[in-house]
Amino acid sequence: MIDPRRLKVLRALADHGTVTAAGNALHLSASAVSQQLAALEAEVGQELLRRKGRRVWLTSAGELLVEHANAVLAELEHAEARLAAHASGVLGRVEIAAFASAITQVVAPAIAALRESTPDLGVHVRDAEGQQSLPLLLDGEIDIAVTVQYRATPGEHDRRLSRTPLYAEPFYAVLPPGHPAIASGSVRLADLAEEDWIVPLPGNPCRDLVLLSCEGAGFAPRITHTSDDFDAEAALVAAGAGVALIPRTALGAIDPARVLPVAGETPTRRVFAAVRRGREEHPLVSAVELALRAAAAEVPSRLHGAGVG
């Protein structure tokens, strides 16, 4: 009989690449991870790992078992969800990771609604950029990840996840005071090819979208400053340090005169909520997802009321 707890250790090794990183994700020591993997090999009677010094990688048998581990662990999540649904009432706590503007626009309004409709459901929020929340979800540290969908998003097409679309929002060009394009009312990205650019840090999906959009417009941006904080980006633009693309929900108090829609193909980010497959039927998780969808449906009207395009 294969111990599913050891399957979880094997999957963590496949996800994180090293025994030490897998142990950190599971809050186990490296020696405990090695012991669990050795016991799993004894259970299945096949070599699952190849070792050379401190390096470890999966054999073909190990890769095959990881595929089955994903299915087994999803079924266990499903069983827990069904048992929780069978219990009377909704009582407990849900852990959410989301990026800052999604917390402002969706997560916080959802929590406010849940305090009225489901007062016994506690929600704990962790601020995490889009590239950070999915690994936290897969490692079991959180229940729901609110993140963004781009080509380079880790786990974007991971079958271990169940995804719920929340909202889509365009990026706007933010220009420094006195920029000649301000008078035109909109701007083509190609017209900003010779500008200095302020973009998020490497690994941030928003940076990927900016680079892909500029590539589609026929140029590679000359990056002079980087920040994952859109307020910081806006401050640098206001100081004349360059131009930036900032999503609609993160425009904040930027002078509307310097915020221009992008003409042509508008860069857009798609925000979704993800849970581990099988977990979506858990009554606590489904209650929070429902509240997130309801809050997301109000994002356009909320932004319009705040004077954002």
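These notebook entries record what I looked up in the structure above.

**Basis.** I worked on a predicted model, in which local features need pLDDT of at least 70 and side-chain atom pairs count only at pLDDT 80 or more, while totals for chains, interfaces and linings use all residues. Residues are numbered from 1 along each chain as its sequence is written, and side-chain values use heavy atoms, with hydrogens and water left out.

**Entry 1: nonpolar cores.** I began with nonpolar cores (sets of buried Ala, Val, Leu, Ile, Met, Phe, Trp, Tyr and Cys residues joined through side-chain atoms within 4.5 Å). Buried is taken as under 20% relative accessible area, exposed as over 50%, and partly exposed as in between, with a 1.4 Å probe and protein chains only. The largest core holds 31 residues, and Trp-197, Leu-245 and Ile-246 have the most contacts inside it. At least two of its residues come from each of strands S6 (161-174), S7 (196-199), S9 (244-247) and S10 (259-260) and helices H7 (205-216) and H8 (230-238). Here helices (H or I, at least four residues) and strands (E, at least two) are DSSP runs, numbered from the N terminus. I noted a second, separate core of 28 residues, with Ile-96, Ala-110, Leu-284 and Ala-295 among them.

I then listed contacts (heavy atoms within 4.5 Å) for Leu-245. Leaving aside residues up to four places away in sequence, Leu-245 touches residues including Phe-171, Leu-189, Trp-197, Val-210, Phe-230 and Pro-267.

**Entry 2: cavities.** I searched on a 1 Å grid over the protein atoms alone: a cavity is a set of points where a 1.4 Å probe fits but cannot get out, a pocket is an open set with protein on both sides within 12 Å along at least five of seven lines, and lining residues have an atom within 4 Å of a point. Grid points are joined across faces, edges and corners, and a volume is the space filled by probe spheres set on the points. The whole structure gives 2 cavities of 30 Å³ or more.

The largest cavity has a volume of about 60 Å³. Its lining consists of Arg-11, Asn-70, Leu-73, Ala-74, Glu-77, Arg-160, Arg-276 and Arg-277, with the largest share, 4 residues, from helix H4 (residues 60-86). The second largest cavity, of about 40 Å³, is lined by Lys-8, Arg-11, Ala-12, Asp-15, Leu-26, Leu-138 and Asp-139. Helix H1 (residues 4-16) supplies the largest share of that lining, 4 residues.

**Entry 3: second largest pocket.** I recorded a volume of about 250 Å³ for this pocket. It is lined by 16 residues, of which Leu-189, Ser-213, Gly-216, Glu-265 and Thr-266 are the closest to its centre. H7 gives the most to the lining, with 4 residues.

**Entry 4: salt bridges.** I counted 14 salt bridges, each a side-chain nitrogen of Lys or Arg within 4 Å of a carboxyl oxygen of Asp or Glu. Arg-279 and Glu-77 meet in one of them (3.5 Å, N to O). Because Arg-279 lies in the loop between S11 and helix H9 (283-297) and Glu-77 in helix H4, this pair ties together parts 202 residues apart in sequence. Both Arg-279 and Glu-77 are buried. I also found a network of salt bridges that links Glu-77, Glu-80, Asp-143, Arg-276 and Arg-279.

Arg-269 pairs with Glu-169 in a salt bridge, with the closest N and O atoms 2.6 Å apart. Arg-269 is in strand S11 and Glu-169 in strand S6, so parts 100 residues apart in sequence are tied together. Arg-269 and Glu-169 are both buried.
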